[in-house]
Amino acid sequence: MSNSTLITEGQRAPLADEASPDMYEELVNTGITRLVRMKMPPGATDEPHRHPEEIVYFIKGGTLSIKLEDGSTVVKEVADGDYMHNGPWTHQVSNVGTTTVEAVLFERLDNDVELKD
């Protein structure tokens with residue numbers, strides 16, 4: 001992944017399942033919250049996307065490289081059963097490990113990112 005920004009200024013990235021439907025699947029949508037399943041095989045990279053405020057539960061962990069909206073990248077090791085909470089954000093994820101990473105994401109649709117000015 002290059003060190004450039006993920007989206008054009010003034011635009012909002014699509015939700016994960018819109019950007020990469022082969023890796024993300026919406027399971028339930030109440031209009032206020034939603035549940036999304038992620039399954040990312042080794043070597044895969046999703047398209048840049050956004051999440052509203054989310055809680056992520058990792059069913060199967062692995063090694064993820066996460067490119068942030070400002071172009072910086074962080075590598076995160078997640079174990080089976082790990083969880084994390086994130087506010088609204090835009091990013092791109094690569095599975096740089098050797099295992100398929102599986103997670104369930106609970107998202108608050110009422111706390112989504114705003115369009116950039």
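**Strand S8 and its surroundings**

I began with strand pairing in this predicted model. Strand S5 (residues 62–68) and S8 run antiparallel and are joined by 5 bridges.

Is S8 buried or exposed? I found 7 of the 7 residues of S8 (residues 89–95) buried, so the strand is largely enclosed by the rest of the structure. I went through the two faces separately. One side carries Trp-89, His-91, Val-93 and Asn-95, the other Thr-90, Gln-92 and Ser-94, and all of these are buried.

**The whole chain**

I counted 1 helix and 9 strands. In sequence order the pattern is α-β-β-β-β-β-β-β-β-β. The radius of gyration is 13 Å, close to the 13 Å from the globule rule for 117 residues, so the chain is as compact as a globular protein of that length. I noted a C-alpha trace spanning about 40 × 35 × 25 Å along its principal axes.

For burial overall, 44% of the 117 residues count as buried. Of the contacts with a separation of 6 or more, 74% are between residues 24 or more positions apart.

The accessible surface is about 6,300 Å², with 51% belonging to carbon and sulfur atoms. I logged 10 positive and 21 negative side chains, the centres of the two sets lying 2 Å apart.

Definitions and conventions:
Residues numbered from 1 in each chain as written. Predicted model: local features only at pLDDT ≥ 70, side-chain atom pairs only at ≥ 80, totals over all residues. Heavy atoms only, no water. Helix = DSSP H or I, 4+ residues; strand = E, 2+ residues; numbered from the N terminus. Rg over C-alpha atoms; globule rule 2.2 N^0.38 Å. Buried < 20%, exposed > 50% of the residue type's maximum accessible area, 1.4 Å probe, protein only. Contact = heavy atoms within 4.5 Å. Areas by Shrake-Rupley, 256 points an atom, 1.4 Å probe, with all protein chains shown as cover. Lys, Arg positive; Asp, Glu negative; His and termini not counted. Charge placed at Lys NZ, Arg CZ, Asp CG, Glu CD. Pairing = 2+ DSSP bridges.
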